[in-house]
Amino acid sequence: EKVFGAVSFAHEDTHTPMLTACCGLATAVIGGLLLYPHFGYVGVAAAIALSAWVGATLLGLILYRRGWLRLDASGWRRLPRILLATAIMGAVVGYALTTGHALFPALAASSLGRLALLVVLVTLGLAVYLVALQLLGVAKLKDLVASVHLKE
């Protein structure tokens with residue numbers, strides 16, 4: 001949503017990002033109220049995640065309809081492969097999470113263990129995503145690493 005907001009701001013439109021953010025906020029509140037009784041805090045987290053997607057999707061669609069947001073031919077060719085890389089990463093992390101809980105039940109019993117599992121899962125997810133992008137021909141690993149250089 002932040003990237004789409006920048007497009008709106010470049011066109012001197014601050015109203016539309018605010019309205020779509022309000023729609024996202026309404027989604028979070030309503031979703032949280034509906035999901036909390038059945039899923040507890042996990043339902044609230046899911047509602048918040050959904051709200052970000054709602055806001056970003058609405059703003060993206062509005063910008064697209066106004067002609068302010070366009071993907072070039074290269075972007076359209078790469079998009080399905082990026083989505084596939086994301087699905088691969090999600091599947092691997094989901095499998096690792098269930099396997100990790102099954103193989104190391106003691107990890108789930110302590111805060112430090114859950115933190116360690118989280119660090120492993122995030123690192124695994126990043127590595128799998130980067131490798132999938134490379135294998136699917138979306139981007140070269142060397143270029144991705146070079147684009148994330150740290151300034152001293």
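Helices are DSSP runs of H or I with at least four residues, numbered from the N terminus. The views below show a predicted model, in which local features need pLDDT of at least 70, side-chain atom pairs count only at pLDDT 80 or more, and totals for chains, interfaces and linings use all residues. Residues are numbered from 1 along each chain as its sequence is written, and side-chain values use heavy atoms, with hydrogens and water left out.

**View 1. Lining of the largest pocket.** α4 (73-103) contributes four residues to this lining, the most of any element. A pocket is found on a 1 Å grid over the protein atoms alone, as an open set of points where a 1.4 Å probe fits, with protein on both sides within 12 Å along at least five of seven lines; lining residues have an atom within 4 Å of a point. The volume is about 260 Å³, taken as the space filled by probe spheres set on the points, which are joined across faces, edges and corners. Phe4, Trp53, Tyr64, Leu69, Arg70, Leu71, Trp76, Leu79, Ile82 and Leu83 form the lining. Nine of these residues are nonpolar, none is polar and one is charged (nonpolar: Ala, Val, Leu, Ile, Met, Phe, Trp, Tyr, Cys and Pro; charged: Asp, Glu, Lys and Arg; polar: the others, Gly among them).

**View 2. Lining of the second largest pocket.** This pocket holds about 150 Å³ of space. Around it stand Leu97, Arg114, Leu115, Leu117, Leu118, Leu121 and Val122. Helix α6 (residues 111-135) gives the most, with six residues. The lining has six nonpolar residues, no polar ones and one charged.

**View 3. Helix α2 and its bend.** The 25 residues of α2 (residues 15-39) should span 36 Å at 1.5 Å a residue, and the end C-alpha atoms are 35 Å apart, which agrees; the expected span is 1.5 Å times one less than the number of residues. At Leu33 the helix bends by about 30 degrees, with Pro37 following within four residues. The bend is the angle between axes fitted to the seven residues ending at a residue and the seven starting there. Gly40, with a positive phi near 65 degrees, comes after α2.

**View 4. Buried residues of helix α3.** α3 (41-66) has 26 residues and reaches 38 Å from its first C-alpha to its last. Gly43, Ala47, Ser51, Gly55, Ala56, Leu59, Gly60 and Leu63 are its buried residues (under 20% relative accessible area, 1.4 Å probe, protein chains only). They pack against α1 and α2, with contact meaning heavy atoms within 4.5 Å. Gly67 follows α3 and has a positive phi, near 85 degrees.

Technical notes: Helices (H or I, at least four residues) and strands (E, at least two) are DSSP runs, numbered from the N terminus. Buried means under 20% relative accessible area, exposed over 50%, partly exposed in between (1.4 Å probe, protein chains only).
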